[in-house]
Amino acid sequence: MNIGLSAYDVPWHSWTKKEGKMIEIIIFRSQKVAFLSAGKFAHMSLKTFSSILSSAFSFFTLLRNVV
C-alpha cells in the first residue's frame, strides 16, 4: 500500500504519457494483495510465507548448532 501512495505523491502528471502510464500501473498493481498459491491446495500472503521461511531457517540453524 505504501508503494502506491508513494507513486501517487510523485509529480507524475508532468512526465511523458508513457512514464505516467507506468506510474498508473504501479498504483493499480499496489492495490491488490500479493499471495502465493500451491495449486488449489493453499493460498498464503507474502508475510505468511516470509514468516514460515524465517521459522524454518531458525530451526535449521538450531539443528546445525546442536549437531
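Buried residues account for 9% of the 67 residues in the protein chain. The model is predicted. The protein chain has a radius of gyration of 19 Å, whereas a compact globule of 67 residues would have one near 11 Å.

**Overall dimensions and surface**
- Taken along the principal axes, the C-alpha atoms of the protein chain fill a box of roughly 60 × 30 × 15 Å.
- The protein chain exposes about 6300 Å², and carbon and sulfur atoms supply 68% of this area.

**Secondary structure**
- The protein chain contains three helices and two strands.
- Along the sequence, these elements of the protein chain follow the pattern α-α-β-β-α.
- Helix α3 spans residues 46-66.

**Aromatic pair in helix α3**
- One aromatic pair is found in a search of the whole structure.
- The pair consists of F57 and F60, whose ring centres are 6.5 Å apart; their planes meet at 40 degrees, so the pair is tilted, a class that lies between the cut-offs of 30 and 60 degrees.
- Both F57 and F60 lie in helix α3, three residues apart, which is about one turn of the helix.
- F57 is exposed, with a relative accessible area of 57%, whereas F60 is partly exposed, at 47%.

**Nonpolar surface patch**
- F59, L62, L63, V66 and V67 make a nonpolar surface patch of about 570 Å².
- Within this patch, V66 is placed in helix α3.
- V66 has a relative accessible area of 65% and is therefore exposed, the cut-off being over 50%.

Key:
Residues are numbered from 1 along each chain as its sequence is written. This is a predicted model: local features need pLDDT of at least 70, side-chain atom pairs count only at pLDDT 80 or more; totals for chains, interfaces and linings use all residues. Side-chain values use heavy atoms; hydrogens and water are left out. Rings of Phe, Tyr and Trp (its six-membered ring) pair if their centres lie within 6.5 Å; planes under 30 degrees apart count as stacked, over 60 as edge-to-face and the rest as tilted. Helices (H or I, at least four residues) and strands (E, at least two) are DSSP runs, numbered from the N terminus. Buried means under 20% relative accessible area, exposed over 50%, partly exposed in between (1.4 Å probe, protein chains only). Patches are made of residues with over 30% relative accessible area and no salt bridge: like charges are joined within 9 Å, nonpolar side chains (Val, Leu, Ile, Met, Phe, Trp, Tyr) within 5 Å. Accessible areas come from the Shrake-Rupley method with a 1.4 Å probe; for residues, only the protein chains shown count as cover. A salt bridge is a side-chain nitrogen of Lys or Arg within 4 Å of a carboxyl oxygen of Asp or Glu. The radius of gyration is taken over C-alpha atoms; the globule rule is 2.2 Å times the number of residues to the power 0.38.
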